[in-house]
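Open your viewer and colour the model by chain. We will go from one selection to the next, with a short note on what each one shows.

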Amino acid sequence: MKQLWDLATVFSYLSLLTIGGGMAAFPELKELTVNTYHWVTFPELLHFYSLGQLSPGPNMMMVASIGAVVGHIPGAIVALVAFFLPTGLLTFAVGRLWSHLATWRWRPAIQTGLGSVAVGLVLAGAIIMGIGAITDIFYGAIGLAVFLLLWRTKINPAYPIVVSGLIGMGMHYFGLG
Amino acid sequence: MSDAPQVAAPPSLGKLFWVFLVMGATSLGGGVVAYLRTGLVVRQRWLDDLTFVELLSISQTLPGLNATNMSILVGDRLRGGMGALVATLGMCLPGAILMTGAAFAYGIGGDDPWSKAFLHGIAAGAVGLILVVMVQLGAKVLKTPADYLFVAATAAAVAFFKVSVPIALLVAGTVAIWWHRPRDKTPR
């Protein structure tokens, strides 16, 4: 029970940090699940996060994986509900009040101001993730290639991510990395 | 604005759930917004483009993921509170089941060196994906040189100086919002 309660508090807190997308919550996600609660190791977190990018639907369904590791099916459900309920209720309420807020004079300031902070949080997430995943020049090349490909083309991100995994297996075969 | 009915009648709750379930199961590789527009505006004609963009801008302003925020807003517009609930459930269910299954599969085969090598590879690839998301998000929201400073300061504080995210959000957010504060051109 204690663990389900911990899952609920951690993921409802992380929910509120997902400004500009799920990645903004990654630094705190790592801090809490790896360093504070020891639910997963840092490599395990990276693995679940990356697998989550391959799964359909919202790109943070990996919270279900962490929930399942901690408390099986109930853990997965608690983590998901906790992660989506706080922001969900907020969105529901604001959606109904929107006609009043759309012309609020502080709205553009908040949107632009929080927007740049959100980009900063995504960058911090990428740096923290890079420290764990880009362990040598070969993995750096994989990350750079995926970045350039997705930046320059409209290809579905799932393909280069799967190919990255296959290259990882190839490197294992040849004893690299 | 024309009088011709461009938008179809609101669906039943069952139909709403089914359409979001299909989108939740097929929107592979992120980019869920494109799937939502195709499904809701083009195929079902439940929304027009103007409403879609309006709801999207609410989704992007608020915390939460775009995919779930859009499900809530669209569901509420079409079928009220229950609509928001079933749309969100449909959107999340396929990915949730897959990622729960992934956790159990990982417990069985995660220590295998081949799966480790595969997962290490996709983690490296995912770093590239996140950087692209950051560049695309940045292109939309970064407007003045000061904004780039806010980005760099937030990222450095969190990634290198271990400043906790709520504190970074509070400090950088307050400064950035104040920087963009509404300035009246005509004094009242």
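Predicted model: local features only at pLDDT ≥ 70, side-chain atom pairs only at ≥ 80, totals over all residues.

Chains are lettered from A and ligands numbered from 1 in the order in which they are written, and residues are numbered from 1 along each chain as its sequence is written.

**Stop 1**

Select chain B. You will find seven helices and zero strands (DSSP runs numbered from the N terminus: H or I of at least four residues for helices, E of at least two for strands). Its C-alpha atoms fill a box of roughly 70 × 55 × 25 Å along the principal axes. The radius of gyration of chain B is 21 Å, while a compact globule of 188 residues would have one near 16 Å; this is taken over C-alpha atoms, and the globule rule is 2.2 Å times the number of residues to the power 0.38.

**Stop 2: where the chains touch**

Now show both chains. The contact takes 90 residues from chain A and 79 residues from chain B; two residues are in contact if their C-beta atoms, placed from the backbone, lie within 7 Å. Which helix gives the largest share of the side of chain B that touches chain A? Select H5(B), which supplies 24 residues. By class, this side of chain B has 53 nonpolar, 22 polar and four charged residues (Ala, Val, Leu, Ile, Met, Phe, Trp, Tyr, Cys and Pro count as nonpolar, Asp, Glu, Lys and Arg as charged, and the others, Gly among them, as polar).

**Stop 3: two crossing helices**

Next, select H4(A), residues 62-101, together with H4(B). Their axes come within 10 Å and cross at roughly 160°, so H4(A) is roughly antiparallel to H4(B). Axes are lines fitted to C-alpha atoms, for helices over the stretch in contact, with angles running from 0 to 180 degrees between N-to-C directions; angles over 145 degrees count as roughly antiparallel.

**Stop 4: two loop residues**

Most residues other than glycine have a negative phi. Select A:His38, whose phi is positive, near 55°. A:His38 sits in the loop between H2 (26-36) and H3 (42-54) of chain A. Is A:His38 buried or exposed? A:His38 counts as exposed because it has 8 C-beta neighbours inside 10 Å (exposed means 12 or fewer other C-beta atoms within 10 Å, buried 20 or more, and partly exposed in between, with C-beta atoms placed from the backbone). Finally, select B:Lys162, in the loop between H6 and H7 of chain B. B:Lys162 has a positive phi of about 55° and is exposed, with 9 other C-beta atoms within 10 Å.

How values were computed
Parallel < 35°, antiparallel > 145°, perpendicular 65-115°, else oblique.
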